[in-house]
Amino acid sequence: MSDISANTPGAGPTAGGPNAGGPNAGGKPKVSILGQSARMKARNRTESVFKVLGLTAILFSLAILALMIFTIFRDGTSAFFQTRMSVPVTLSAEVLDPAGNRNRDEMTKQTTMTYNKVINEAFLAALAAKGIKTDDVPAKELTDMISKGAAGELRADVLADPSLIGQTIDIALVAGGRIDGYMKGRVTRASAERDTNVTMGQLDVADRMKEAGMLSTSWNWDFLTNTDSSDTRPETAGVGVAILGSAYMMFLVLIMCVPVGVAASIYLEEFAPKNRWTDLIEVNIANLAAVPSIVYGILGLAIFINVLGGQMGVEALKMSASLVGALVLSLQTLPTIIIATRAAIRAVPPSIRDAALGIGASKMQTVFHHVLPLAMPGILTGTILGLASALGETAPLLLIGMVAFVANYPAAPWDGGFSDPATALPVQVYSWASRSDPAFIERSNGAIIVLLVFLLIMNVTAIILRRRFERRW
Amino acid sequence: MNDMRIADRTVDANGIRIKASGVQVHYGDSHAIKDVSVDIPDKAVTAFIGPSGCGKSTFLRTLNRMNDTIPICRVQGNILLDGENIYDKRVDPVQLRAKVGMVFQKPNPFPKSIYDNVAYGPRIHGLTRNKAELDGIVESSLRKAALWNEVKDRLHAPGTGLSGGQQQRLCIARAVATSPEVLLMDEPCSALDPIATAQVEELIDELRSNFSVVIVTHSMQQAARVSQKTAFFHLGNLVEFGETSQIFTNPKDPRTESYITGRIG
């Protein structure tokens, strides 16, 4: 950029005239500040290179994040929708309640087999009534279009409300996984040709039913409330138990980790003498935070389930129980919370401690009146980060049996629900992703969306709480 | 700031508040205070002067056992407050600090309201029975700190929102609120501008009527302006201790003379 000094008359070292008497006259040539020296140029160049690199890194990570969210939502959104067939079903009393007294105990003798027959007949009748051409498809294939879970749903509805018997009601029967996939575009005619679970005839009928308005796809609350289901009926599988299990575990981890973690941090930071023992504890806490999570799973299996639950007979500690899951996750979260809390406590200016001690506050009062409130935002952030990583943890839960097929909701906490078998969202994602039916892959992505929403709620809570505490200057 | 005039001094010989004798302080291996004996009079201002690192702040902090918070710090010798040794095993330093208040170099109000800053001490020591009494203490403390007129309309505004000088006076009000017997001030004006310094100095002179005040200062002018007694520390030794007028006009030790004339420090 030597042209700059050339373009600026009088600025170059040669134009010494006006400055001849100035401080620079003594020998050091005058250097103009209107141009950049070679060294300055090099410094500016490294700075701009660094800025470009930083920006690239951020854009790259944003792009990856966007790609990840895009794929998850592309593959997972459809899990929140379900294809259903609207069919008028006559719930005849002779079939469903042969005793005729609407007694629930008597009615439970009619199994899903009975209801299946009722549904199948009603479905065929409805097809005929709508004038849908079905003569090219065997009746067995037609009834196979209905989900195997539909009869169970109807039976549960009827048992919950026996007054339905004798009426003809419009029911939205859940369509089978392949028909559902065909409606959502996941199953195509090309892929169906290679698939033994669906025939061309069924797809033809599905098309005709759609034209006749019998088949439609709508929002599916069942995905959020249903339990897991067997390999043959992905369309009725839901994340209900997983949501509840994750919520139970987060609650338990919170109430176990935060008091212990904060108390340990306060003790170590404010009260403990600084000696070899506390150094050792400090190093160990830092190391525990870095232990692979599956190790905690093995520990949990050995200590909580085998020793405490098995040999010592603690009833609450059972395989697959959310209490055991929470204990294992607590072991893993505790070091994170302690490290974050200690950093937050250490960041409180010592002048505040001096001020409190100087007017005669005890150490305890100093900590609880002044240090802790100021450290609160940091503690909250650390806690939420710890909980978030616990929420997404899968490996240790696999080892303590939370990957099991759980078809029943755990009971309410006051009925001992913490020791009922449950599963967790990330484990559900893993277990569905490993099943062969592509309909489960869709559910798996749907479960990831639920997990992300969970994380979002937790982070927003953290931000709101943080703001509230920070507002107290 | 070449104001070396010495105010009229009427040091009442009304007794000794703190009697320190043979005090030694070690920080680990370093010997910070070497055999210091000093008598702090009641209802007077005593100034500790000396170059940086001479131990004057350390000695101040031994007077209310703030050094206890530093694990490597060891204190030997006797410090008697009204005849009782403050390093006796039976003394709880927390109780001691309610009697020997402290104001720090940097204004450090709590991040709470002005009212809560002043009310905190009385609250934790249970000095009041009801809100009205507490309000009374807060008002009188803020008046003693010459801050009442400036903040009486915004007692519930954050104390950290005040200017530097106001914050320091708030800290003084906070220290005064527990009605201590001795008030220790560790360079209370070093973070303040000249106007705020003048206000705080004026305040210190007024506080003398109620408290025994000990002030550590870097500024000899300040010591000359506000104190009745002056102690000169150098390298952990108490070089000279006496009437301020005598120290500044007729120092006995050559080191004191070198310091006040600006040749060392």
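The points below take up the contact between domains and then the contact between chains.

1. The model is predicted, and the remarks that follow should be read with that in mind. Chain A is divided into domain 1 (84–220) and domain 2 (240–469), and the C-alpha centres of these two domains lie 44 Å apart.

2. Five residues of domain 1 of chain A are in contact with five residues of domain 2 of chain A, and the area buried between the two domains is about 370 Å², with carbon and sulfur atoms giving 29% of that area.

3. Three salt bridges are counted between domain 1 of chain A and domain 2 of chain A, and in a salt bridge of the model the side chains of A:Asp437 and A:Arg178 meet at 3.3 Å, N to O. The side of domain 1 that touches domain 2 has no nonpolar residues, one polar residue and four charged residues.

4. Turning to the two chains, the contact takes 17 residues from chain A and 24 residues from chain B, and together the chains bury about 1800 Å², of which 65% is on carbon and sulfur atoms. The count of salt bridges between chain A and chain B is zero, although four residue pairs are found in polar contact across this interface, both residues of each pair being at pLDDT 80 or more.

5. Which elements give two or more residues to the side of chain A that touches chain B? They are α16 (350–358) and α17 (363–391) of chain A, and α16(A) gives the most, with seven residues. By class, this side of chain A has eight nonpolar, seven polar and two charged residues.

Key:
Residues numbered from 1 in each chain as written. Chains lettered and ligands numbered in written order. Predicted model: local features only at pLDDT ≥ 70, side-chain atom pairs only at ≥ 80, totals over all residues. Heavy atoms only, no water. Domains from an automatic or database assignment. Contact = heavy atoms within 4.5 Å. Buried area = accessible area lost by both parts, 1.4 Å probe. Salt bridge = Lys/Arg side-chain N within 4 Å of Asp/Glu carboxyl O. Nonpolar A, V, L, I, M, F, W, Y, C, P; charged D, E, K, R; others polar. Polar contact = N/O pair within 3.5 Å; in protein donor to acceptor, adjacent residues only side chain to side chain. Helix = DSSP H or I, 4+ residues; strand = E, 2+ residues; numbered from the N terminus.
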